Amino acid sequence: SYSFCTLLAPHQSHPYMDKTLPKNDLFADFLELYDNGHSDQDERVLKVLEKVAGAGGYSGQSGLRGLPEVLGHCGRRAGAGLVEFEDVLVKVLSGVEAPLDLCDLRDESKQRLAVLNTLDAVSGLLVVANERVQSAAAKVVTTMISDMRCKGHDDLNPPKNLVRKRDTRFKAIFNSQTLTTLTKVITSPSLRPFASLECLRALRDSSCYITAAKRLLTEEDVLTPLVSVLSNVLKEHSIQDDRVTIVVETLWNLLDLVPECRKDVGSEQCLGVMYLLFKNLLWEGHRLKDKEMRNDLLTVMAIVAGDQTTHENFFKTGWTDIVWTASCGGEVVPADPSFVSTVKPFAATTSQDDFDMKKILWHLLYLLSFTQSNLELILSKNTMSVLLSYLNTHCDVPAIVRWPLTQLVDLQHQALQLISQTATGRGSKHFADNNGPRILLSFLSECVGDGLRNATLKVLSRVAETENKAEVAEQGAVGIILGLAEATTELEVKSNCVRILSSIVDCQPELQKQFAEAGGIEALLLFLTLDQPRTQESDELVFSTIDCIWSCIIGSEENEMNFVEMEGIHALLDELTVAPPWVCASLLSCLIDFIASYSAVTDELLEWRGATGATLAQVLIKMWEADSKNSILPPSMADRPFESIFMEEEIQSILEYGEVRRRYKVYWSTGR
């Protein structure tokens, strides 16, 4: 490698040098002096190097032999304080900045070697204690790495020869010692600010490639120097230092390409530095560029929070607290004192950047709420009140009503997501104490758009399974949700409504009566007989309707009688002939319970005839034959011939076999 050995060993050849190649005319005189041991004769060497420095571009042949020796020799002399060599070296580097002309090297391996030798020699100059040399070398390294990336029209359809050139450069760069050198020098106190910035840019551009990203993480341990650079900048300089932006972008690249590094980036030390950066950005970051960097930093943190093993470190370093403060502190009533001392007014406007920050912060809160310590902190700060205020149709909190409608709808979606996560378990009491059931049902009645309505229904379905189920029912949920189910034409909305009704009523006599009085039985029959093509959504609706029959009809003698009189049993049996197996399994279980609860159903079963005139016994035999491996019969009957099993007089005994229902309930609850 030429990164350090070139500077330390004046006459040592690069291990990959091809000395059998004819010398390039441009470098012939210098190589003659170099090989004969006369390279320490400064006056003679300078005269020879004048034509090299004035060339303004070099061939691939020079990269194999000539150019690396010149860079190494000039670097040593410039490092010793000889200004003449400093000037020559800077001129040579300006020529190296242009891509090497590899046309004279037909062998692709030699092309790669030429780039590798040159880049290693240039990166070795970063340790020279000379500001001009460091800056010029760093600029060349950044240019050589960034030139690999597609630019302009080449992004769409680059020619094959251009792709080949970039591939050659790519393999050369990432097989060189340049990444090692860059990782080491960015924390060096002797590296000048401009050179430090250019080296960080080179690392950022390298991190766009998965091969380089993996090497930087596994072999070079790049996170340690990056965090060190960021920590030093925060101590000594302003957040407006461009190095801060570059470090954040590099971390984003690494996380995007190598998700396994989330645990490392989520270490307590790394998160602590990021916390200080975000805190400074909230207080000082008033420029548009600062706000963009702030949002990039939050995106990086959201990616890291996708790994739950990092959540405790978020809690320990204060991230959870500051995320809550920035996203909700100004919207609680009265405003949280920490908000005023943490967030300047210009960081909480309705501009697009601040709106994006709000959304990312809430998403981050959602991710962190999956860990108990973070969830308890979030709930203890009255977050539920803020979230429900966004859904309150009579909200008058200035910090909330200021949002334009399009932005408000997006935030309402996120509020519903957060409520869904935090309103169960320990959060159920916070939900009830802040009038959650009333606000949610009122919002359901007035919200606009199927997206918001579906999201609200999903939250209600979770709330209906908590201790707040009774309060939801007291707020008139049965009538509201049933009305919505009948009014909408969207099958998914209907299915969600019916599912929630099933959870709320849950075989409670008073609610079953309320369900019937609101026209629920007629609605369920309508859902069973909808004139719709058979789709996944229509099957879901039928399944949800069957579940609702279990909860809202079976167990209430009056509801059962009305359902049978309205030919509901016939409607169920009609579905049995056309529904998919997973729906039929639930349907049969429902019929079993109906028989046990209301004996008049048996006569309906025996009287029913399908569209082709088939009896129920014949339909069941066909179902058995279609799926004989998944027997619904007792083991003692499973191996007997069908003819000796399915006799019409045995229908009731078969349907009463309770294992059928238990089996399919387990099947469905574990996910089909």
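**Notes on the predicted model**

1. Arginine 243 and aspartate 241 form a salt bridge, with 2.9 Å between the closest N and O atoms. Arginine 243 counts as buried, at 14% relative accessibility. The model is a predicted one, and this pair belongs to a structure that holds 23 salt bridges.

2. A salt bridge also joins glutamate 575 to arginine 534, where the closest N and O atoms are 3.2 Å apart. Glutamate 575 is in helix α36 (residues 568–576), while arginine 534 is in the loop between α33 (520–528) and α34 (536–552), so the pair ties together parts that are 41 residues apart in sequence. Glutamate 575 counts as buried at 7% relative accessibility, whereas arginine 534, at 40%, counts as partly exposed.

3. For the salt bridge between arginine 215 and glutamate 219, the closest N and O atoms are 3.9 Å apart; the cut-off is 4 Å. Arginine 215 is buried, at 11% relative accessibility. Glutamate 219 is exposed, at 58%.

4. Glu86, Asp87 and Arg132 are linked in a network of salt bridges.

5. Leucine 391 sits in the loop between α23 (383–389) and α24 (398–401).

6. Apart from neighbours within four places in sequence, leucine 391 is in contact with Gln412, Leu416, Ile419, Ile439, Leu440 and Phe443. Glycine 436 is 45 residues away from leucine 391 in sequence, and their C-alpha atoms are 9.5 Å apart in space.

Conventions
Residues numbered from 1 in each chain as written. Predicted model: local features only at pLDDT ≥ 70, side-chain atom pairs only at ≥ 80, totals over all residues. Heavy atoms only, no water. Helix = DSSP H or I, 4+ residues; strand = E, 2+ residues; numbered from the N terminus. Contact = heavy atoms within 4.5 Å. Salt bridge = Lys/Arg side-chain N within 4 Å of Asp/Glu carboxyl O. Buried < 20%, exposed > 50% of the residue type's maximum accessible area, 1.4 Å probe, protein only.
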